[in-house]
Structure formats: C-alpha cells, structure tokens
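Please open the model in your viewer and keep the selection tool at hand. The tour below goes stop by stop, saying what to select next and what is there.

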Amino acid sequence: MISTNAQTKLLGLLGNPVGHSLSPIIHSNLAKNCNENYAYLAFAVETQKLADAVKGGYALGVQGFNVTVPHKKEVMQYLADVDDKAALIGAVNTLVRTETGFKGYNTDMPGLLRAMAYDGICLKGKHVVILGAGGVANAAVCAMLEADVAGILVLNRTVQKALELADYFNRAYGTDKVRAAAFSDDFYSVMEKMDSDDSKQSWIAIQATSVGMYPNVTQCVMEDEKFYKKVAVGYDLIMNPAVTMFMKRVKQSGGEAYNGVRMLLFQGVLAYELWTGHKISDELATKVLHILENN
Ligand code: ATR
C-alpha cells in the first residue's frame, strides 16, 4: 500500500470500466516526484450513480477527478462551472475543486498539443488530415485550430458526422479551414486543392478512430498506399499496441510515426498542474513516460 497519512489529499478517476487505466500510474509518479502528499484512486462508477459520485467526492474533500469513458459529457451537468474550451468541445476530462463545487476542464485538447510539441512537431501553417469524427477527433480538430494550422480535412466512415464536426468548428472559430469527406469519397481531390491553395505538399495525419486498437491489431482504417505517400508525420491516438498498423504504414512510406501515449501523459500532466498549481517539467514528464512505456 502507498504510504498515506491524515494530511493526504485525494484525487481520483471516474469512469467505467477503469481497471486498465494508466492514470493512477501517471499521477502517483507525478506526486511522488514532486514530493506532494496526494493519493490517486480509480473509481468504476455506473452512469446512474455519477451524480452521487461527484457530490460525494466533493463532500469528502476530493481535490480533483479525471473523468473518462463513458462520463465525459454526462458529468457536465453536475458541475459548478465548465471552462469555455471544454464547453466548446462538449466534453470534460478533469474536475478541479472550487469553493462552490467542481469546475470542469478538457485537458485532452491541450494535451495533444503539448504532446506534439514535446515530439518536436511544428503545426502552424501545416495541413492536417484527421481520420475519425468521434469524441477524440473532436478534441483533435479543436487542437489543430488552436495551433493555427493552414487546413484540416476530417475523414470518416460516416460522412455526416465529419460534415457536422467541420461545420461546428468552422462556425465556432469563424473560419472555413475545416473540410470533411468520407473514406469512400475522392478526398484526394480535396487534399490536392488544399495543397495548391498553400503550395504545401506534406501532411500531418492524426488517427482518431478506434480501428487497430488491441485486440484488432492487424486492422487499419486507411489501406490506400497513395494516402501514406502524402503523410510526413502520422500521429496515432491509440496507445495499445505501441506500434499500430497505421504507424507501420506511415513508417514504411518514409514518414515519422507516434502513438497516443504522450497525449495520455500530457492530458494527465495538465490535469495535475490544474490541481496543484505546479508546472511539470519536460524532464519529469520524460521520466513518467518511460514508466508508462515499460508498464
Ligand atoms: P472516441 O470517443 O474514441 O472517438 P467514438 O466517438 O465512438 O469514440 O468514435 C469512434 C470513431 O472511430 C468514429 O469516427 C468511427 O466512425 P463512425 O463515425 O463511422 O462510426 C470510427 N470507427 C470505429 N470503427 C470503425 C470501422 N470499423 N471503420 C471505420 N471507422 C470506424
């Protein structure tokens, strides 16, 4: 058992299931290395008990929660306040204790930006293709707009979801940078049009679907070789396996490929910073990253 005393402050995770979460490893290592007296526990909470869990956590003095699937939207109604960007994304993954209740934040979005910066990926003025239009893709589109990329193409199996996502963020940011197509459409003509608008030839691809996740490790949402010839950097938001089929294909065609572990790490780092007010150095983040990678 970790060593606790009467001054230990509690942090936790609300989700269902939570048994495979890496968040306890992230936060216990951050607290240990920062010499801070926090304990972090994962709570499996059923949706119908979520209101009680938030209220009970507040009554018990819990300093902060992470929130994961399936509660990221649902939890918003039980909060005293929601940060503007989290409200825009429509999902909260971090609760911070305030005088009146918990305030909700979304650290997935800035977590992706911090992870990409950590990996030395420059986004400003680049073209980004996002595969997928679900919750993760939503945070990724918002992140790319925040990073002031030149253009974003959202590709999804269900084109309606991609169109809605593009329209939503174009309106919110007063832009027309976000376009959408189905995997089955001739999306190359859209890419080529975007290329000719800015005379840029290489793309950053963010893989934000669940295709290729363990145990379906041989699957890949994009099979076409022509696609990978356009991609200089492939960022798969999947963590398991560490090297996905998508990453293999990016590498085979000469691009750099990354998995989703750093996004997970940095959304946790940003949550820890919100809870404690302490800035986590890249040096400490690297130490925790190695622990996650060897877990
Ligand atoms: P998350 O919150 O992880 O993004 P989600 O909101 O359920 O989860 O979204 C999953 C994404 O993976 C969606 O873009 C989904 O495509 P659809 O909108 O067409 O459902 C995509 N996805 C899941 N399984 C897929 C498959 N077999 N082929 C293509 N895309 C798939």
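Select Asp148, which lies in the loop between helix H5 (135-146) and strand E8 (151-156); here helices (H or I, at least four residues) and strands (E, at least two) are DSSP runs, numbered from the N terminus. Although Asp148 is not a glycine, it has a positive phi of about 60°. At 35% relative accessibility, Asp148 counts as partly exposed, a term for values between buried, which is under 20% relative accessible area, and exposed, which is over 50% (1.4 Å probe, protein chains only). The model is a predicted one, in which local features need pLDDT of at least 70 and side-chain atom pairs count only at pLDDT 80 or more, while totals for chains, interfaces and linings use all residues. Residues are numbered from 1 along each chain as its sequence is written, and side-chain values use heavy atoms, with hydrogens and water left out.

Now move to Asn35, in the loop between H1 and strand E2 (38-44). Asn35, too, has a positive phi of about 60° without being a glycine, and with a relative accessible area of 72% it is exposed.

Two prolines come next. Select Pro17, in the loop between strand E1 (9-15) and helix H1 (23-33), and look at the peptide bond that joins it to Asn16, which is cis with an omega of about 5°. Then select Pro70, in the loop between strand E3 (64-67) and strand E4 (81-82), where a cis peptide bond with an omega of about 10° joins it to Val69.

The ligand is the next stop. Which residues are closest to the ligand? Of the 13 residues that surround it, the closest are Ala133, Asn156, Arg157, Thr158 and Lys161, where a residue counts as near if one of its heavy atoms lies within 4 Å. By class, this shell has 4 nonpolar, 7 polar and 2 charged residues; Ala, Val, Leu, Ile, Met, Phe, Trp, Tyr, Cys and Pro count as nonpolar, Asp, Glu, Lys and Arg as charged, and the others, Gly among them, as polar. Show the side chain of Asn156, where an N or O atom is 2.7 Å from an oxygen atom of the ligand. Polar backbone atoms also face ligand oxygen atoms, at 3.1 Å for Gly135 and at 3.5 Å for Ser210. Taken alone the ligand exposes 640 Å², and the protein buries 65% of that, with accessible areas taken from the Shrake-Rupley method with a 1.4 Å probe and, for residues, only the protein chains shown counting as cover.

From there, select Thr209, in the loop between E10 and H8. Is Thr209 buried or exposed? With a relative accessible area of 14%, Thr209 is buried. Its side chain makes a polar contact of 2.6 Å with the side chain of Gln207, a polar contact being a pair of N or O atoms within 3.5 Å; within protein, one must be able to donate a hydrogen and the other to accept it, and residues adjacent in sequence count only if both atoms are side-chain atoms. A polar atom of the Thr209 side chain also lies 3.1 Å from the backbone nitrogen of Val211. Leaving out residues up to four places away in sequence, Thr209 touches Leu131, Gly132, Val221 and Ile238, where contact means heavy atoms within 4.5 Å.

Select helix H9 (residues 245-252), in which Met245, Phe246, Met247 and Val250 are buried. Among the elements that the buried residues of H9 pack against are strand E7 (127-131) and strand E12 (256-258).

End at Thr276, in helix H10, which counts as buried at 15% relative accessibility. A polar atom of its side chain lies 2.8 Å from the backbone oxygen of Tyr272, and the Thr276 side chain reaches the backbone nitrogen of His278 at 3.2 Å.
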